[in-house]
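This report describes a single structure, one region at a time. Please look over the sequence and the model before reading on.

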Amino acid sequence: MPLVASKEILTKAHQEHYAVGAFNAVNMETAQAIIGAAVDERSPLIIQVTQTTLKYTEPDELAALIKVLIAGAGIPIALHLDHGRTFEVVMRFLKLGFTSIMIDGSLQPDGKTPRSYEQNVEVTRKVVEVAHTLGVTVEGELGTLGQIGLEITEELGALTDPDQAVQFVEETGVDLLAVAIGTTHGLYRGKPVIAHDRLRAIRSKVDIPLVMHGGTGTPDEDVRAAIELGIAKINIDTQIRVAFYDAMREVVHKMEAAHEEADRRGEPKKYDIRAMLGPARDAMRACVAERIRIFGSAGKAL
Ligand code: 13P
């Protein structure tokens, strides 16, 4: 099945009151885990890559790999740029055939300093103009999420204003809107307080699919309520990394014990990195599948 635009996947989710998970991939094992889980669950999927991954691997190498996996999957999948920070970065990913992109105009390219509303509109509209000629879905962000290591100030961490959201969607033409409703990227410090009333107010005025960032650690009851109130895309990154890490750590501990034993016996030690990556991939796959079931998208890839 060819790649699809995320708008196609999310319009259906929005109408039928479920959400599609958008999971972050950084290499072969994580992409296999994410796509494998969606295939197992017969779920539509958004697989996403961040621009910071550019520092780790060339995006064309990763995109080629993910496209091969998608081609064999037999379910609708969108390939999405998560948190593109500049027009130039977005253009680079469009050239690679991404079918969905996020331009995060809420923050400056440093990913820390807030952009003004006007600056946000300007960069988002410019991206929409190009992306729409290619049939690519555009996600914008209004309001800013809490972020690890950043102080929450009045501007930063500000919840999305419903009236401004209406204006933003009209002025930019975005297809999807990421809203700040109290979720945070990464692990929460305490129990999160999700602003359902704010989400309800946004939904009553804006009729495009809404996006929840910072899905990790958001309690399931809040996730279900948010889906009922119009969230159609949920971003999950940290939680699946934790699953990968924990499984790998367990294997490494066992390998170290086996190495000590080999030393005692005077035998050669074994270093099979597949024995580390395989269980980590399996654990991530199980974690993605569990989220897909919670989001209600299992069985929706018909
Ligand atoms: P988490 O790492 O909290 O799951 O957030 C992911 C995200 O929102 C990516 O855009």
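## A243 and its contacts

Beyond its neighbours within four places in sequence, A243 is in contact with A283, M284 and C287. The model in which these contacts are found is a predicted one. A243 belongs to helix 9. This residue counts as buried because it has 21 C-beta neighbours inside 10 Å, and 20 or more are needed for that class.

## Helix 9 against helix 10

Two packed helices are described by the angle between their axes and the distance between the axes. The axes of helix 9 and helix 10 cross at roughly 145° and come within 8 Å. Their crossing is right-handed. On the side of helix 9, the contact is made by Q239, I240, A243, F244, D246, A247, M248, V251 and V252. Helix 10 contributes A275, M276, P279, A280, A283, M284, C287 and V288. By class, the residues of this contact are 15 nonpolar, one polar and one charged.

## Helix 6 and its two partners

Helix 6 covers residues 162-172, and helix 5 covers residues 117-133. These two helices pack at an angle of about 35°, and their axes are 9 Å apart. The crossing of helix 5 and helix 6 is right-handed. In helix 5, the residues Y117, V121, T124, R125 and V128 take part, and they meet Q164, F168, E171 and T172 of helix 6. This contact has four nonpolar, three polar and two charged residues.

Helix 6 also packs with helix 7, which spans residues 196-205. Here the angle is about 40° and the axes are 9 Å apart. Helix 6 passes helix 7 in a right-handed crossing. From helix 6 come P162, A165 and V166, which meet A201, I202 and K205 in helix 7. The contact of helix 6 with helix 7 divides into five nonpolar residues, no polar ones and one charged.

## Helix 2

Helix 2 runs over residues 28-41 and has 14 residues. From its first C-alpha to its last it reaches 20 Å, close to the 20 Å expected at 1.5 Å a residue. After the helix comes R42, whose phi is positive, near 50°.

Which residues of helix 2 are buried? They are E29, T30, A31, A33, I34, I35, A37, A38 and E41. The elements against which these buried residues pack are strand 1 (20-24), strand 2 (45-50), helix 3 (59-71), strand 3 (77-84) and helix 10 (274-295).

## The shell around the ligand

There are 13 residues around the ligand, and those that come nearest are H213, T216, N235, D237 and T238. Strand 3, strand 8 (231-236) and helix 9 (238-265) are the elements that give two or more residues to this shell. Sorted by class, the shell around the ligand has one nonpolar, 10 polar and two charged residues.

## Two histidines with positive phi

H17 is not a glycine, yet its phi is positive, about 60°. This residue lies in the loop between helix 1 (6-16) and strand 1. Is H17 buried or partly exposed? H17 counts as partly exposed because it has 13 C-beta neighbours inside 10 Å, and a residue is called exposed at 12 or fewer and buried at 20 or more.

H83 also has a positive phi, of about 55°, although it is not a glycine. H83 is found in strand 3. With 23 other C-beta atoms within 10 Å, H83 is buried.

## K112 in a loop

K112 sits in the loop between strand 4 (100-103) and helix 5. The residue has 13 C-beta neighbours inside 10 Å and therefore counts as partly exposed. K112 and T144 are 32 residues apart in sequence, and the distance between them, C-alpha to C-alpha, is 9.9 Å.

Terms used. Residues numbered from 1 in each chain as written. Predicted model: local features only at pLDDT ≥ 70, side-chain atom pairs only at ≥ 80, totals over all residues. Helix = DSSP H or I, 4+ residues; strand = E, 2+ residues; numbered from the N terminus. Expected span 1.5 Å × (residues − 1). Contact = placed C-beta atoms within 7 Å. Near = placed C-beta within 6 Å. Nonpolar A, V, L, I, M, F, W, Y, C, P; charged D, E, K, R; others polar. Axes fitted to C-alpha atoms, helices over the stretch in contact; angles between N-to-C directions. Left-handed = near helix turned anticlockwise from the far one by under 90°.
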